[in-house]
Amino acid sequence: GDHELGSALFAAGFEVFDYNMLDILEERASIRGMDLLALAGGFADGDVPETAVGWVKMIQDNPIAAEQFEEFRQRPDTLVFGVCNGFQVLTRMGWLPGYDIPLKTKPQLQQNKSGRFQSRLVSVRFENCDNVFLEGMAGTIFPQVWIAHGEGYPYFPDPDVMDQVRQDRLVAMSFVDFDGNPTEVYPLNPNGSPLGITGLSSPNGRILGIMPHLERSFQLWQMPWLPKEWRNLEASPCLRVFQNAYAWLMNHEQT
């Protein structure tokens with residue numbers, strides 16, 4: 001998973017550094033000075049139940065890591081992307097959907113409603129939210145994108161928070177049916193998420209967390225089916241998510 005994500009970022013123009021958490025905990029590496037923090041998915045810690053809990057504890061219980069991650073979050077010139085396990089980490093740390101929302105009321109990614117690990121192709125739609133990664137992509141439907149997770153169901157302990165997330169346009173991505181409408185029907189919605197929600201944005205638009213693995217579909221040959229209007233493209237539209245991030249950072253650096 002980390003190699004796939006690194007490849008997508010490299011293709012978008014980034015210089016990529018692949019760090020293990022132990023590299024940071026043992027001070028062999030640092031995220032200080034980095035522009036984008038990308039938290040990968042793909043069987044982190046063996047993908048045991050509640051993998052993100054262990055990952056988050058490694059960050060929060062270690063002063064070195066905790067300080068670096070908090071400094072990174074507070075900087076105005078950084079971006080954060082989390083996919084699958086990485087998305088779970090961002091919700092567990094309270095970075096999504098909004099840092100100021102009380103942690104106990106924030107959505108947590110729990111076991112799929114099916115009770116099973118789901119690995120399949122799904123259709124997803126990018127929603128209308130002000131997120132750096134999704135610039136110009138609102139309403140775009142990706143007909144076949146990989147998902148592979150056992151804990152992708154976003155449980156909202158407080159219905160008011162879910163309403164706030166929708167009203168503030170923090171829903172970044174939804175599972176959709178064959179007509180392009182958000183769905184809760186299995187297996188089109190593989191984890192049973194309410195309203196098909198499968199991605200969240202931070203209010204400042206600089207943090208994005210999603211369950212589907214766009215990094216596994218950024219090249220055309222990785223997609224088993226393409227709409228006719230996409231077949232002459234040089235790369236899959238999934239790559240634009242990472243290109244948007246690169247463009248924002250370059251523009252921010254120049255200003």
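A disulfide is a pair of cysteine sulfur atoms within 2.5 Å, and this cut-off is the one that applies to the cysteines of this predicted model.

View 1. The structure holds zero disulfides. For cysteine 84, the closest cysteine sulfur belongs to cysteine 238 and lies 15 Å away, which is too far for a bond, because a disulfide requires the two sulfur atoms to be within 2.5 Å. Cysteine 129 also has its closest cysteine sulfur in cysteine 238, at a distance of 16 Å, and this is likewise too far for a bond. Cysteine 84 counts as buried, with a relative accessibility of 2%, and cysteine 129 is buried as well, its relative accessible area being 7%.

**View 2. The open sheet of seven strands.** Read across the sheet, the strands follow the order β1-β2-β9-β8-β7-β4-β5, and their pairing is mixed. The edges are formed by β1 and by β5, which covers residues 141-149; each of these has a single partner strand, so one side of each is left without a neighbour in the sheet. From one strand to the next, the twist averages 20°.

**View 3. The pairing of β2 with β9.** Strand β2, made of residues 79-83, runs parallel to strand β9, made of residues 207-210, and the two are paired over four bridges. Phenylalanine 81 stands opposite leucine 208, a residue of β9.

**View 4. Leucine 249 and threonine 78.** Leucine 249 is part of helix α7 and is buried, with a relative accessible area of 5%. Although 171 residues separate leucine 249 from threonine 78 in sequence, their C-alpha atoms are 7.7 Å apart in space.

**View 5. The largest pocket and its lining.** The largest pocket holds about 1,000 Å³ of space. It is lined by 38 residues, of which Phe17, Asp18, Tyr19, Ala38 and Leu39 are the closest to its centre. The elements that give two or more residues to this lining are α1 (2-11), α2 (21-25), β1 (36-39), α3 (51-60) and α7 (239-254), and the largest share, six residues, comes from α1. By residue class, the lining of the largest pocket divides into 24 nonpolar, nine polar and five charged residues.

Note on methods
Residues are numbered from 1 along each chain as its sequence is written. This is a predicted model: local features need pLDDT of at least 70, side-chain atom pairs count only at pLDDT 80 or more; totals for chains, interfaces and linings use all residues. Side-chain values use heavy atoms; hydrogens and water are left out. On a 1 Å grid over the protein atoms alone, a cavity is a set of points where a 1.4 Å probe fits but cannot get out, and a pocket is an open set with protein on both sides within 12 Å along at least five of seven lines; lining residues have an atom within 4 Å of a point. Grid points are joined across faces, edges and corners, and a volume is the space filled by probe spheres set on the points. Ala, Val, Leu, Ile, Met, Phe, Trp, Tyr, Cys and Pro count as nonpolar, Asp, Glu, Lys and Arg as charged, and the others, Gly among them, as polar. Two strands pair if DSSP finds at least two bridges between them. Axes are lines fitted to C-alpha atoms, for helices over the stretch in contact, and angles run from 0 to 180 degrees between N-to-C directions. Buried means under 20% relative accessible area, exposed over 50%, partly exposed in between (1.4 Å probe, protein chains only).
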